[in-house]
Amino acid sequence: MSQEGIPQLDGYSEDALDRAFAELEKEVDASALEATKRGTSDAVEEFRLLWLGRKQGRLKQVSEAWLKSAPVEARKSIGLRFNALKPRIESWLVWEGWTSTQPTLDAEAIDVTLPGTHRALGAEHPLIKTMHEMVAVFQRMGYSVGVGPEVETDYYNFESLNFPPGHPARDTQDTLVVANQDRKPLRDRLLMRTHTSPVQIRTMEQQPPPVRIVIRGKVHRNDAADATHSPIFHQIEGLCVDTNITFSDLKGTLDHAMKEFFGSSVKTRFFPSFFPFTEPSADVQISCPFCGGKGCRKCKYSGWIELLGCGMVDPAVFGFVQGKQPAYDPKKISGFAFGMGVDRIAMMKYGISDISLLYSGDARFLEQFA
Ligand code: DAH
């Protein structure tokens, strides 16, 4: 690529200017093609400097030699042609015909190979993730998802689940009640639901059997917060009602669900328990999925972890529903229900030792699950 000076101007007539600028254009194209043949980024940079270099560039020389010294009348004609020359040079610099190894073609051009501005993707909260996974296990068994309100009436949270007013089992569910409800009849008073079980009744009121639903959601209790207690936590509830549903169905369903969720080598065992809305009732333990039952910190060296409550739906519960759905006749149908705390399961699964971390909204904690 030649570095010698620019052509001489032999006058300021339109013809003379056309000739001079045509000559320059030819030189632009020739030097660009020469750089193309070399095909290196150095060649492109040399081409750029040759024409656009701030100190020695040929455009600069043209401006000095032709434009600045021109008589006033000729300046406009020269200026117009001069202004057309720069885009011609630049169009070579952004030309896509350079070999693919060419990096930047113009200092000001956008480098499309640079990574774009990324908005960090959110990650699923470990609690929500656990809940989704557990719900999915039941969905694969044909369960649909039920929902209900977090602010409940005394009737749905307690009475219809066979906790009569004054029943001692109410005391186990340290209830947060909504203020200024005293003038209402007890059954209509509002409270924060203490469990997801009221959705069992709400669902049965809406549809005749058969029912297979799984309910996930937030529940509230007046518990003092510590490493394992939070006034807000989450439950997953299940209800299955049909003809000929037996305790074996309950055992088979939960055993399968636990194996799906924790791994196929996990075993389950059932102990007698009490819930007002199931009879008989049971507490379910699973063999520790972390140590295989040998005993470790997570299972407090017992080899077993207590995970959920369950039982056969008490006929009295069907009695509460029958007013709205007569098909819930305890002589013709039967069912089972179960409920479990999600927070504990998530904490166990991810090795989280303090429940408050799940509610802190601290990005440094949450990022670890991204
Ligand atoms: N609602 C109970 C609780 O919060 C858990 C529970 C136990 C739910 C047994 C059920 C069940 O559906 O059958 O303590």
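Which residue does the UniProt annotation "binding site" (unreviewed entry) cover?

Analyst: The annotation "binding site", which comes from an unreviewed UniProt entry, covers Glu279; UniProt positions follow the numbering used here, feature names are shortened, and annotations may be inferred rather than shown by experiment. Residues are numbered from 1 along each chain as its sequence is written. The model is a predicted one, in which local features need pLDDT of at least 70 and side-chain atom pairs count only at pLDDT 80 or more, while totals for chains, interfaces and linings use all residues, and side-chain values use heavy atoms, with hydrogens and water left out.

Glu279 sits in strand β7, which runs over residues 278–287; strands (E, at least two residues) and helices (H or I, at least four) are DSSP runs numbered from the N terminus. Glu279 is classed as partly exposed because its relative accessible area is 48%, between the limits of under 20% for buried and over 50% for exposed (1.4 Å probe, protein chains only). Leaving aside neighbours within four places in sequence, Glu279 is in contact with Met312 and Asp314, contact meaning heavy atoms within 4.5 Å. The peptide bond that joins Glu279 to Pro280 is cis, with omega at about -5°, and Pro280 also lies in strand β7.

The loop between β7 and β8 (304–313) holds Lys300, and Tyr301 lies in the loop between β7 and β8 as well. Lys300 has a positive phi, near 50°, in a residue other than glycine, and Tyr301, likewise not a glycine, has a positive phi of about 60°. Lys300 counts as exposed because its relative accessibility is 71%, and Tyr301 counts as exposed at 59%.

Pro210 leads on to Asp242, which is placed in strand β5 (residues 232–242): apart from neighbours within four places in sequence, Asp242 is in contact with Pro210, Arg212, Ile333 and Ser334. The side chains of Asp242 and Arg212 also make a polar contact of 3.4 Å, that is, a pair of N or O atoms within 3.5 Å, where within protein one atom must be able to donate a hydrogen and the other to accept it, and residues adjacent in sequence count only if both atoms are side-chain atoms. Asp242 and Gly335 are 93 residues apart in sequence, yet their C-alpha atoms are 6.2 Å apart in space.

Lys331 is found in the loop between α9 (315–322) and β9 (334–341). With a relative accessible area of 80%, Lys331 is exposed. Its C-alpha atom lies 8.6 Å from that of Pro315, at a separation of 16 residues in sequence.

As for the ligand, 15 residues surround it, and the closest are His195, Ser197, Arg221, Gln235 and Glu237; a residue is taken as near if one of its heavy atoms lies within 4 Å. The side chain of Gln235 places an N or O atom 2.9 Å from an oxygen atom of the ligand. On the backbone side, an N or O atom of Ala337 is 3.1 Å from an oxygen atom of the ligand, and a polar backbone atom of Phe338 is 3.2 Å from a ligand oxygen atom. Taken alone the ligand exposes 350 Å², of which the protein buries 91%; accessible areas come from the Shrake-Rupley method with a 1.4 Å probe, and for residues only the protein chains shown count as cover.

For comparison, Gln181 lies in the loop between α6 (154–157) and β3 (190–192). Gln181 counts as buried because its relative accessibility is 9%. Its side chain is joined to that of Lys184 by a polar contact of 2.9 Å, and, apart from neighbours within four places in sequence, Gln181 is in contact with Asp188, Arg189 and Leu190.
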